[in-house]
Amino acid sequence: MKTMIKSATVLFAATVLSVNAFAQEAKKPASPPATATGKVKDANITIAYSSPSVKGRTIWGGLEPYEKVWRAGANEATTFETDKDITVQGKKLAKGKYSFFLIPKESGIWTVIFNKEAKQWGAYKYEESKDALRVDVKTKALPATQEALAYKINSNGFTMDWDKISVPVEIK
């Protein structure tokens with residue numbers, strides 16, 4: 001009888017631990033929030049985004065269609081904030097907080113958008129009339145697949161890297 005009680009207790013404990021571990025795993029978001037911060041020249045830059053993963057999918061021209069405004073991440077629109085006036089790809093951008101969008105293009109020349117409406121869900125209510133700045137950038141091929149979308153700030157600006165594409169944005 002004691003052996004049966006011990007066995008039942010061990011089985012119960014294992015079941016509880018398994019269910020708890022599964023619940024913990026289920027709580028992790030598919031596209032976790034992330035932030036990239038850094039300094040470019042004398043401007044402090046913050047990019048807040050949600051980071052989706054490739055997961056074996058066709059990203060460019062598939063999950064994210066060409067020629068369509070994309071939130072440059074997942075969930076809420078990505079935001080870009082600078083505490084100083086800057087020059088992006090040779091064009092002026094006033095200090096402030098913006099939503100950040102991209103228009104992927106099969107040609108490799110993508111459109112980068114800084115929109116005055118910083119708080120918005122995805123690109124569903126995006127309005128071109130609220131753009132503060134639009135510039136074109138030439139993408140670069142990554143040497144290896146970048147599984148999770150990542151923004152990286154460097155001394156020349158920042159990049160958005162995901163799948164096999166890097167989108168470098170120059171800031172002065």
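A polar contact is taken here as a pair of N or O atoms within 3.5 Å, where, within protein, one must be able to donate a hydrogen and the other to accept it, and where residues adjacent in sequence count only if both atoms are side-chain atoms. This is a predicted model, in which local features need pLDDT of at least 70 and side-chain atom pairs count only at pLDDT 80 or more, while totals for chains, interfaces and linings use all residues. Residues are numbered from 1 along each chain as its sequence is written, and side-chain values use heavy atoms, with hydrogens and water left out.

**Asp161**

- Asp161 is found in strand 10, strands being DSSP runs (E, at least two residues) numbered from the N terminus.
- With a relative accessible area of 5%, Asp161 is buried, a term that means under 20% relative accessible area with a 1.4 Å probe and protein chains only.
- The side chain of Asp161 makes a polar contact with the side chain of Thr159 at 3.4 Å, and another of 3.2 Å joins the side chains of Asp161 and Lys152.
- Not counting residues up to four places away in sequence, Asp161 touches residues including Leu142, Gln146, Leu149 and Val167, contact meaning heavy atoms within 4.5 Å.

**Nonpolar cores**

- A nonpolar core is a set of buried Ala, Val, Leu, Ile, Met, Phe, Trp, Tyr and Cys residues joined through side-chain atoms within 4.5 Å.
- The largest such core has 34 residues, of which Phe80, Phe114, Tyr151 and Met160 touch the most other members.
- Strand 10 (157-170) is among the strands that each supply at least two residues of this core, and strand 10 gives the most, with 6 residues.

**Pockets**

- A pocket is an open set of points on a 1 Å grid over the protein atoms alone, where a 1.4 Å probe fits, with protein on both sides within 12 Å along at least five of seven lines; lining residues have an atom within 4 Å of a point.
- The largest pocket holds about 360 Å³ of space, a volume being the space filled by probe spheres set on the points, which are joined across faces, edges and corners.
- Of the 19 residues that line the largest pocket, the closest to its centre are Leu63, Glu64, Trp70, Arg71 and Tyr124.
- The second largest pocket has a volume of about 160 Å³, and of its 14 lining residues the closest to its centre are Ala48, Glu76, Ala77, Thr78 and Thr79.
- Strand 2 gives the most to the lining of the second largest pocket, with 3 residues.

Note on methods: Buried means under 20% relative accessible area, exposed over 50%, partly exposed in between (1.4 Å probe, protein chains only). Helices (H or I, at least four residues) and strands (E, at least two) are DSSP runs, numbered from the N terminus.
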